Each structure stands twice: as C-alpha cells, then as structure tokens.
Amino acid sequence: IRKYQPNAIRQAREKLQESANALVAQEYLKALQAAEEAQRILLKAEQNAARAATKENLDAAADKINLAEAAGAIMFAPAQLTEAIRLYHQAEKLLARGEYLKARDVSAQALTAAEDARLYNVNKARDLASLSTRYGGWKASHPYLVEAEQKAAVAEELLDNPQTAAEGQELAKEAVKMAQMALDHARDYTFQERLDNIYRALNQALRAGANYFNVEEVKRLIAEINAARSEYCTRNFDAVEMRLKDIEAGLARVIETTPLVLEQNLKDNTARLNALIEAGAEDYMAQEVDDVKTLMNRSVVDFRKRDYASSYTNLKEAIALTNRIEERLQEQVYFDSVTELFAQLDKAFHDFEGVISYNPTFLKKLVTTPHGRPAAINLTAGRATPNDFKDTVKDIYLRAIHLKPPKTQQATHEQVVLAIKYAYTAAENFQKLYLLDQVSNQDAYEIIDTAYEQIRKARELRAEVQLKLIDPQARTKVVRAEKIVNF
C-alpha cells in the first residue's frame, strides 16, 4: 500500500484522527463512522495495490521468462521454467476474476520461479562455491573459486539481456564447472587432512601401548581406516566423513582407556590370585605364586617407563602363570576327591573281605549239589552282605561319574571311572550268589569266575591309578607367602 497507494494511507490516518477527536468529544456515532471510513479506505487501497503489484509482477515475470527461454533454460532448468509459466497463467486468471490478493501472491511466485530458471546455472555455481568453502575451499582451491565467482557475476549480467543471454548461459556453465572443481579439490584436501590427523592419533595410541593392551580395538580401527580410504570419492564425501568421525572418536577413546585396560587386567588377575591363595595354592605352588606377584609389579613399572612391549609381556606371563596355578589347584582338588573315593572303595572291599578272601574254587564247591543243580549261596561273613556291598559301590560309582575332572586329567578320570566300574560290576555278580539255584552249573561257575576277575581288575587298576597318576603329582606343603597388594 505504501508503494502503490500512499495517499490512501494519509486519508486513512486523517479519518482515524477524526474518529479519535469525536471519541474525546463523546460524539460516538461520528467516531464510529470515521473509523469505518478509514477501514474502507484501507481495504480499497489494499485491493488497488494488490492489483498494481500483480500487473507489475506479471510484466517482470514475462520478461524473466522470455530471458530464460532465450538463454536455453528449457535445457538446464525445465522444472523451474515450467513452474514459472504455470504460475504466470494462474496469476492472470486470478487477476481477471478480481482476486487481487491471491493474484499478487501467485504472480510473486511466478517472478521468483522465472528468476530461478533464468539464473539456474549462476545460482548452482554459487551454491557449489559456497559448499566448497565449507570444506576449506579458499585454502585448497582458491583459484577455482575466484574464477567461478567472476564468471558467475559476468554471466548474471549477460543473462539480463536477450541479445547476450545465450552467451551468458555458456559462461554460467563454465562457472559451474569451475565451482565443481573447487568443491572436488576442497573435499580431497579435507579428506587427506583428516586422514593425516587420524594416522597421527593412531601413532599416538600405539606409542601409548594400545597395540598391546587394546589389540582388538586397534585392529578394528585400522580396518575402518582402510575401508574409509577404499570407499572415498568426492561425491560420497559426507558418508565417508561420518565414518571418519567415528574413527576419530574411537582413537580418542583408545588413547584414554589404554592405561585403564592394564589397571583392570591387574586388578582382575590380583583378585584371582588372592582367591587361589585363600584356596591353598601356596601349599602346592608357592614359587609360582611369588613369580606372579613379581611379573605384575614389573608390568606396572615397565608401563610407567613406556616400555609397553615388556609391560604387556610381563602381564601376559603373569596371567598365564595364574592360569597354571588355577589348573594345578583344580587338579589337587580333583586328586583329593579321587583319593577319598578310593578310600571309600577300599573300605567297601574291607567290609566285604569275608567273601572276597575266598577263591572261586571254594565258592564253586559250595554251589555244587548231588542233584546236578547249583545251590544258592547266602554268605554273611564280614561286615557287609552282597547287597550291602553292591549299594556301597554303586554310590561310589555314581559319585565318580559325576565328578568333573580338569581338562588336563580327562584321561586319568577315565581310568578312575573304569576301576570303580569294575568293582561295581563285580558287586552285581556277587549279588547273584543269592540266585544261583536258578541257573545252570556252567552259568553259576561263570558268574563266580567273573565276579572274582572283576574284583582283581578293580584292585589292580585302582592301585595303578593311585601310584602312577596321582601320588607322583603330590606337593610338599610350604610356608605361605605374603598376599599381593591390589594395584
């Protein structure tokens, strides 16, 4: 309104002042009429201004559309040009129908679209140049940026004249080319700069011992760096940049946490060692316990001296030696359990000695009768009957098969179970003495022979396991060493 109807604003203000004066004089009807007149003046002025603005916009839009067509915009910006023409015709229809306010808005949009179509390549060159500066273009590709801006400025002037529009479009295309080259160079420069910083951070992490104490994380980061290098090209810079940010964050985390990894490993191994000492490890491997303490102390000293290779080696040896102490302690617990089972088996043999002490020939005479059929035998000599003997050995056998041996003693355990299984099978056969009257003489003799043979095997194998596999690994108890202090 100020531009197209300035007098209307002045008239409206006069009417509003007149309304205010009438209100002070309490002439309310006159005040209302003056205010309504001011409103009418403004509404009419708005309509007239909108109509004038629409006509001006349409004239300007028509000129820009013609310039865009002359510059070949249909080849470079068909969408913008088509949209400008559509909006132009729509604004004309609205103006003809008297919808001036809508016509003004649509005609302004038509003018903007026409300008976008005319200066499509100029704007594109400037957008690319602006993006290049984001990646440090003034540092990496300054000549290209200057040339792109110069060509874009000249092209914009040429595109404003139908006679030189075609020439201006060619110059705008060259500006786009220069700006794209500036962007590509800037991205390449930025990528290489970021990569150099990452390698410096990686070297810093390696110097801090990360390749010893954060091995998996370092391997992962190196793989990520190689993947980023292989994937990079100027057109997917943004995607690769996200990967670079993750790598940088990972390296910072590695540098920060590497000392913590050593500390945590020392704490964990110290806790394990103290637990083993409480369980009696020093009774069997006192020297090894002391060696673990020494190795962990050396690891800490070497780390502080930045001798990370030696620190890692000492820590690794300390952990490995702790593992051996734990295995040895597990073996001793296992040996103690087997020794207890064998002691119970020996007691069972002793309680059933009244039968076992006989020989098969004696029992065969007992079962032989004049009628040709064997007789059942009911022996009560000793502290246990055949039924008692079987129940006792069965209990020992069940506990043996459920006993979990250390990995190093799997073969030993198989022999232990086999020895007790022989005894259990013999007990089952001795229990059959009650039922010999139900079998033939040959079967009765075979049951008796088998029972005594299995008892013999059980005793021999039990003694062999005890003497050859368990007893040689016994250790003499020593004075307990001082407990290690936590790191």
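Predicted model: local features only at pLDDT ≥ 70, side-chain atom pairs only at ≥ 80, totals over all residues.
**Stop 1: α6 and α8.** Select residues 120–134, helix α6, and residues 142–158, helix α8.

Now show side chains. On the α6 side, the residues in contact are Val122, Arg126, Ala129, Ser132 and Thr133. They meet Leu145, Glu149, Ala152, Ala153, Ala155 and Glu156 of α8. Sorted by class, this contact has six nonpolar, two polar and three charged residues.

**Stop 2: a salt bridge across the pair.** Stay here and select arginine 126 and glutamate 149, which form a salt bridge with closest N and O atoms 3.9 Å apart. Arginine 126 belongs to α6 and glutamate 149 to α8, so the bridge ties together parts 23 residues apart in sequence. Arginine 126 is partly exposed at 27% relative accessibility, and glutamate 149 is partly exposed at 39%.

**Stop 3: lysine 64 and aspartate 160.** The structure holds 28 salt bridges; another of them joins the side chains of lysine 64 and aspartate 160, at 3.7 Å from N to O. Lysine 64 sits in helix α2 and aspartate 160 in the loop between α8 and α9, 96 residues apart. Lysine 64 counts as buried, at 19% relative accessibility, because the limit is under 20%. Aspartate 160 is partly exposed, with a relative accessible area of 46%.

**Stop 4: alanine 34.** Remain in α2, residues 28–70, and select alanine 34. This residue is buried, at 4% relative accessibility. Beyond its neighbours within four places in sequence, alanine 34 is in contact with Lys15, Glu18 and Ser19. Its C-alpha atom is 8.7 Å from that of alanine 20, 14 residues away along the chain.

Stop 5: Go to helix α12, residues 237–278, and pick asparagine 269. Asparagine 269 is buried, with a relative accessible area of 2%. Setting aside residues up to four places away in sequence, it touches Val292, Met296, Ala318, Ile319 and Thr322.

Finish with arginine 272 and glutamate 326, whose side chains meet in a salt bridge at 2.6 Å, N to O. The pair links α12, which holds arginine 272, to glutamate 326 in helix α14 (residues 308–351), 54 residues apart. Glutamate 326 is partly exposed at 29%, as is arginine 272 at 26%.

Technical notes: Residues numbered from 1 in each chain as written. Heavy atoms only, no water. Axes fitted to C-alpha atoms, helices over the stretch in contact; angles between N-to-C directions. Helix = DSSP H or I, 4+ residues; strand = E, 2+ residues; numbered from the N terminus. Contact = heavy atoms within 4.5 Å. Nonpolar A, V, L, I, M, F, W, Y, C, P; charged D, E, K, R; others polar. Buried < 20%, exposed > 50% of the residue type's maximum accessible area, 1.4 Å probe, protein only. Salt bridge = Lys/Arg side-chain N within 4 Å of Asp/Glu carboxyl O.
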